[in-house]
Amino acid sequence: MATPHISAAPGDFAPDVLMPGDPRRAKLIAETFFENPRLVTEVRGILGYTGTYRGRPVSVLASGMGMPSFAIYATELARHYGVKRIIRVGTIGAIQPFLELGDVIAASAAHTNSAMTDGWVPQVRLSHAPSFDLLRKAVEHGEQTGKKIHVGPLFTSDSFYGGGPDAVPALIELGTLGIDMEAAALYAIARREGFEALMLGTISDKPGEEWPAEKREATFADMVSFALAALA
Ligand SMILES: O=P(O)(O)O[C@H]1O[C@H](CO)[C@@H](O)[C@H]1O
Ligand SMILES: O=c1cc[nH]c(=O)[nH]1
């Protein structure tokens, strides 16, 4: 049965789903990597496709931006469509100076200033961490192909434009690689709903340098190859 936010029929999604924020990146991923992609949902312009990759069923569904939007789609995929593994394929703002535009990151943890999971366990601040198996397979893909992947913590921010005390200097000091807006929700919802999760991202901007929207939409091949290898 369709959900309030997804019009796909039961069985329309594969157990493995890639999730970019941007609906047009979802379309490009399906058209570039999938065999026989078909559109399975487009409620609110949030595009979802299912096809195969090297014969295995796989889907892609956009999430929109921010933890609340991501959490809606990830929860509905798990509860209504039986999804077992989700890899977010996002863009990231680098905060460590050694990172370059286009570098691929796997988030070994996601710090956040969101209150989304406050109160899930009274008096406990939860750690938001990936599936070890998916992370290990992504790293192994880098070792086998020679493609670089940085592994470390991200900061999942509730805002794109700041608006409070600047946390970035202390986050840099603590070894945080970059900033996104959904990874902590992915990891938290995965633990609650019982699916495996990994956050992969491509660096789209760093202080003084940024990609335009078209480049952010289209530059994803390395990141998606890591994601598909982790799901193999
Ligand atoms: O490119 P996506 O996957 O949307 O990811 C990043 O880009 C958006 C902000 O521009 C946020 O969603 C952030 O997490
Ligand atoms: O959340 C994000 C994503 C990309 N770049 C940023 O600066 N922030």
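1. Let's begin with helix α7. Its buried residues are M223, V224, S225, F226, A227, L228, A230 and L231. Here buried means under 20% relative accessible area, exposed means over 50%, and partly exposed lies in between, using a 1.4 Å probe and protein chains only. Helix α7 covers residues 221–231, and because eight of its 11 residues are buried, it is largely enclosed by the rest of the structure. Helices (H or I, at least four residues) and strands (E, at least two) are DSSP runs, numbered from the N terminus.

2. A word on what you are looking at. This is a predicted model, in which local features need pLDDT of at least 70 and side-chain atom pairs count only at pLDDT 80 or more, while totals for chains, interfaces and linings use all residues. Residues are numbered from 1 along each chain as its sequence is written, chains are lettered from A and ligands numbered from 1 in the order in which they are written, and side-chain values use heavy atoms, with hydrogens and water left out.

3. Next, look at strand β5, residues 85–94. How many of its residues are buried? The count is 10 of 10, so to speak a strand that is mostly covered. In a regular strand the side chains alternate between the two faces of the sheet. On one side of β5 sit R85, I87, V89, T91 and G93, on the other I86, R88, G90, I92 and A94, and all of these are buried.

4. Which strands does β5 pair with? Two strands pair if DSSP finds at least two bridges between them. Strand β1 (residues 16–19) runs parallel to β5, with four bridges, and V17 stands opposite I86. Strand β9 (residues 196–206) is also parallel to β5, joined by nine bridges; there R85 faces E196. Strand β8 is antiparallel to β5, with two bridges, and A94 stands opposite G178.

5. Now find ligand 1. The residues near it (one of their heavy atoms lies within 4 Å) are G21, R25, M65, R88, G90, T91, F160, D180, M181, E182 and R216. Polar contacts are pairs of N or O atoms within 3.5 Å; within protein, one must be able to donate a hydrogen and the other to accept it, and residues adjacent in sequence count only if both atoms are side-chain atoms. An oxygen atom of ligand 1 lies 2.6 Å from an N or O atom in the side chain of R25. For a polar backbone atom of G21, the distance to an oxygen atom of ligand 1 is 2.9 Å. Taken alone, ligand 1 exposes 340 Å², and the protein buries 91% of that. Accessible areas come from the Shrake-Rupley method with a 1.4 Å probe; for residues, only the protein chains shown count as cover.

6. Ligand 2 has its own surroundings: T91, I92, G93, F160, I179, D180, M181, S204, D205 and R216. One nitrogen contact, at 2.8 Å, is with an N or O atom in the side chain of D205. A nitrogen atom of ligand 2 is also 3.2 Å from a polar backbone atom of G93. On its own, ligand 2 exposes 240 Å², of which the protein buries 85%.

7. E182, one of the residues around ligand 1, deserves a visit. E182 sits in the loop between β8 (178–180) and α5 (183–193). Is E182 buried or exposed? At 4% relative accessibility, E182 counts as buried. Its side chain reaches the backbone nitrogen of G66 at 2.7 Å. Leaving out residues up to four places away in sequence, E182 is in contact (heavy atoms within 4.5 Å) with S63, G64, M65, G66, M67, F70, R88 and T156.

8. Finally, the aromatic rings. The structure holds three aromatic pairs. Rings of Phe, Tyr and Trp (its six-membered ring) pair if their centres lie within 6.5 Å; planes under 30 degrees apart count as stacked, over 60 as edge-to-face and the rest as tilted. F33 and F220 form a tilted pair, because their centres are 6.3 Å apart and their planes at 55°. This pair links distant parts of the chain, 187 residues apart: F33 is in helix α1 (residues 23–33) and F220 in the loop between α6 (213–218) and α7. F33 is buried at 17% relative accessibility, and F220 is buried at 5%. F160 and Y161 make an edge-to-face pair, because their centres are 4.8 Å apart and their planes at 80°. F160 is exposed at 52%, and Y161 is exposed at 76%.
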